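Open the model in your viewer and keep the sequence panel beside it.

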Amino acid sequence: MTQPRILYCHCAYAQVVHPQVKADVLAGLVESEKAFEAVGDLCEMSARKDPALQRLVSGDQPLKIAACFPRAVKWLFDAAEAKLPEGQVEILNMREDAAEEIVPKLISDELNPQVFESDEDSNSETESKEAEV
Amino acid sequence: MSSATQNPLRVVLYEGPGGKALESQRKVDVLAKLLKGGYQVTCTGESGDVSAPDGSDVLVLGEAEGQDSPFSQSTSTGVVSEGEEVEVHFKDISGQEPETVLETVSEVGTQTESYTPGEWKPWFPVIDFHRCTNCMQCLSFCLFDVYGVDAESNIQVKNPDKCKTNCPACSRVCPDVAILFPKYGSGPINGDVVNQEDVNREKMKVDISALLGGNIYDLLRDRHEKAASRFSKERDEGKALKERIRCLKKLQGDSGIPEEVLMSLPSMDEIQTKAKQAKEAADAALKAREERKNEG
Ligand code: SF4
Ligand code: SF4
């Protein structure tokens, strides 16, 4: 299996991710000696439609992202015209989960692809809309 | 925020052949410093491999090792990426404190005329298009030209940098809970999963007036005028400010609109004009969508 690439967001311009969680995840990544991409603030890059976001989603390697809520991350990439490849992304939430939980998943070669609640919602909504017609 | 066409500097922390592996704590400290400064850093690990250029100029940082180190060669090379020339700079950071490394990066950023990060707090709405129904409530509500439509009359966040920092008000007028502010404190506005309760909640309904028991802009105007006339008679500015804040507390509590935004509302005339323009833009977009639907 192709090794997943790793992306770490430092959420530089807000206090929404606990500093200790950010620090511990970053330290865990460094300890792992793996190659990874780190960004100051994904939100800021999305607002600027930073071309780096397209670089990060291109290619056929799966992608693991340590940032915040998966729904937020998905639509931030989408807003920057850099769609996350379906079934090829795992998003780890540093706002909710502990670093000890995140780091092993982030550096593991196994991918647990993200399933978006909104995908399910919109599928069932579409189905019910279709059923109404 | 600087122009979207101005690319940021891409920093590469190189630990491949000809470069030393940085000691762990030092690497964490250098990275944390650069990331806090808003930079993006590619950490190569021992392979030294770097993904393709993306149009941004590149600064390669590392600690030189041996004769053939990339850091002992030229400091700048031109390479071509998608028809564009990008500059690649090399800097040996051996023995440099993280603060000095940040200064080095910032200097190269200035030299290459790259985008300077950190000039704007990234606060803006993000639309969940799995939920959005293009009802245009947000377009008609926002006074600050944040929203617009694309060529197909679909809603889009046109001017994220015009959004008022910490103001999540438009997310509350969206009937489909489709507007996120990733840096907001609580869910579902912060991107957390939307549950049925959120959808049903009164403040999420289309009816803007349900938010505040009246038309929001009438209410804002009213408060603004009352405050203006009362405070023009006030001599003690500090006291006046306190009073004004107290007056706005309820409104703020109900809507989540921050004090700074309410305190800096435009004049009554400007509000009226902007509200009218926003409504017209929303109506035009809805009409265009309707026409397209009928044609199709
Ligand atoms: S994507 Fe999430 S973690 Fe990253 S900067 Fe935005 S809010 Fe912070
Ligand atoms: S108010 Fe919500 S559903 Fe309506 S256009 Fe805006 S984001 Fe879409």
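Helices (H or I, at least four residues) and strands (E, at least two) are here DSSP runs, numbered from the N terminus. Strand β2 of chain B, residues 40-43, is one such run, and B:Q40 has its place in it. This is a predicted model, in which local features need pLDDT of at least 70, side-chain atom pairs count only at pLDDT 80 or more, and totals for chains, interfaces and linings use all residues. Residues are numbered from 1 along each chain as its sequence is written, chains are lettered from A and ligands numbered from 1 in the order in which they are written, and side-chain values use heavy atoms, with hydrogens and water left out.

**First stop: B:Q40**

Select B:Q40, which counts as buried at 6% relative accessibility; buried means under 20% relative accessible area, exposed over 50% and partly exposed in between, with a 1.4 Å probe and protein chains only. The side chain of B:Q40 is joined to that of A:D50 by a polar contact of 2.9 Å, a term for a pair of N or O atoms within 3.5 Å, where within protein one must be able to donate a hydrogen and the other to accept it, and residues adjacent in sequence count only if both atoms are side-chain atoms. Leaving aside residues up to four places away in sequence, B:Q40 touches residues of both chains, among them A:M45, A:R55, B:P8 and B:V11; contact means heavy atoms within 4.5 Å.

**Second stop: where the chains meet**

Now show both chains together: 42 residues from chain A and 51 residues from chain B take part in the contact. Between them the two chains bury about 3,900 Å², with 58% of it on carbon and sulfur atoms. On the chain A side, select A:Y13, A:R48 and A:R71, which lose the most area to chain B and together make up 19% of what that side buries. Buried area is the accessible area (1.4 Å probe) that two parts lose on being put together, summed over both.

**Third stop: the ligands**

Select ligand 1, which lies between chains A and B. The residues around ligand 1 include A:C9, A:C11, A:C43 and A:C68 from chain A, as well as B:P182 and B:K183 from chain B; a residue is near a molecule or strand if one of its heavy atoms lies within 4 Å of it.

Just after α1(A), A:E33 takes a positive phi of about 60°.

Within helix α5 of chain A, residues 99-107, select A:I102, which is buried with a relative accessible area of 2%. Among the residues that A:I102 touches, not counting those up to four places away in sequence, are A:V25 and A:L92.

Finish at helix α1 of chain B, residues 24-36, where the buried residues include B:V28, B:L31 and B:L35. At the start of α1(B), a side-chain oxygen of B:E23 reaches to within 3.2 Å of the backbone nitrogen of B:Q25, and just after the helix B:G38 takes a positive phi of about 90°.

Note on methods
The expected span of a helix is 1.5 Å times one less than its number of residues.
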